[in-house]
Amino acid sequence: MITVLELENFRGVKKGRIELAPLTILLGGNNSGKTTILEALFLAPNPFRGVPYSLKPYNAAVAVLRYLHETLDSKGYAFLLYNYILNSAKISCRADNMHYSLVFSKEQPSQDLISVILTKQDSSWTVGRLSTVHDNITPISSELYMKNTLLISSKLRDYGYRYIEENWAAIINLGICRKVAKETSELVSENYIDITMEPFLGGQLAIYAFLEDGRRIRLGDLGEGVQNYILARVLYEVAKPETLLWDDVEAHFNPRMLLRIAEWFSELIEKNKQVIVSTHSLEAAKIIAGMAEEKARIYLTSLKDGELKAKSLTLKEVEELQEAGIDVRVAEPMLL
């Protein structure tokens, strides 16, 4: 389990430290550092490892982040460095009684190459290189240096679908599709019995929810909450991460589906897995923490002048804020 994360000049965080629990809920408004924490943890096992998203030409973890932050025609990995211009950034994790650090360092200030250096105990070595102005990456090693993490985000849904298509034979043999379909039926008014991949009109392939009466409905034609749940469950079974990361966990979920997500998280924690999520919603934080209160830690995060701060909240305090009608997205400065 990851117990401590420290950041230095990484993305929008100039400096920050946070202690993590089996279940950690990051609560706060926009630009409060929540997503940056999740992204750092996603990179930590090795930025160059393969992940269950289909991104061309690389499906490496660091390429996923580049996709999430690309704007117009801008390219490269300078976005990993604070203000884009600093010469280095650092992610440090304490996990499994070991200390790991990833350093993103420009080889020379005038060059456009960033070396990614891993430090573990008393040893250091380069695991790959990134360009600040192009999308090129040069992996040297894709080995996991700490236990795997998986990032779930609705922004990555199409790339998750494409990965399922490209790896369908292996995924169907996992036996997870029928199980996920049955669980989903308990959350909606339809009775799904399987998830299939079959031709659509014109012969092109599509992924379907297969109903008991024989009908098929493309996943893309289901509600976004249902799509997010199905995809997250399938990708989790593919990656088998030690730590599940979920950004904006409440997005597109009604209370019933959010309750099922909370139950799933509780099941993972009972199996000694770790779950770290971000949310804007006090209601979501209350539901998720309530399923595993003794192992949960709730933080209200903030980011000011590059300094990341995290205030710990009890479940009772979250309930009191909700009863008072507080919106953390606008009240954050008063609460910290």
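**Before selecting anything**

This is a predicted model, in which local features need pLDDT of at least 70 and side-chain atom pairs count only at pLDDT 80 or more, while totals for chains, interfaces and linings use all residues. Residues are numbered from 1 along each chain as its sequence is written, and side-chain values use heavy atoms, with hydrogens and water left out.

**The whole chain**

Show the protein as a cartoon, and its secondary structure comes to 10 helices and 16 strands; helices (H or I, at least four residues) and strands (E, at least two) are DSSP runs, numbered from the N terminus. Along the principal axes, the C-alpha atoms fill a box of roughly 65 × 50 × 40 Å. The radius of gyration is 20 Å, which agrees with the value near 20 Å for a compact globule of 336 residues; it is taken over C-alpha atoms, and the globule rule is 2.2 Å times the number of residues to the power 0.38.

Colour by burial next: buried residues make up 54% of the 336 residues, where buried means under 20% relative accessible area, exposed over 50%, and partly exposed in between, with a 1.4 Å probe and protein chains only. Of the contacts with a separation of 6 or more, 60% are between residues 24 or more positions apart, a contact being heavy atoms within 4.5 Å.

**The strand β1 and its two partners**

Select residues 2-10, which are strand β1, together with residues 88-95, strand β4: the two pair in the antiparallel sense over 6 bridges. Strands count as paired if DSSP finds at least two bridges between them.

β1 and β2 form a hairpin with 2 residues between them, and Arg11 in the turn has a positive phi of about 50 degrees.

Move to residues 205-211, strand β11, which is mostly covered, with 6 of its 7 residues buried. Strand β10 (residues 192-199) runs antiparallel to β11 and is joined to it by 7 bridges, with Pro199 opposite Leu205. In the turn of this hairpin, which has 5 residues between its strands, Gly202 has a positive phi of about 85 degrees.

On the other pairing, β11 meets strand β12 (residues 216-218) in the antiparallel sense over 3 bridges, and Tyr208 has Arg218 as its bridge partner. There are 4 residues between the strands of this hairpin, where Gly214 takes a positive phi near 95 degrees.

**Two buried residues**

Select Ser141 in the loop between β8 (137-139) and β9 (149-152). Is Ser141 buried or exposed? With a relative accessible area of 17%, Ser141 is buried, and, leaving aside neighbours within four places in sequence, Ser141 is in contact with Asn46, Phe48 and Val127.

Finish at Asn228, whose place is in helix α6 (residues 224-239). Asn228 is buried, with a relative accessible area of 7%. Which residues does Asn228 touch, not counting those up to four places away in sequence? They are Ser154, Arg157, Trp246, Ala251, His252 and Phe253. For a sense of distance, select Ser88 as well: Asn228 and Ser88 are 140 residues apart in sequence and 35 Å apart in space, C-alpha to C-alpha.
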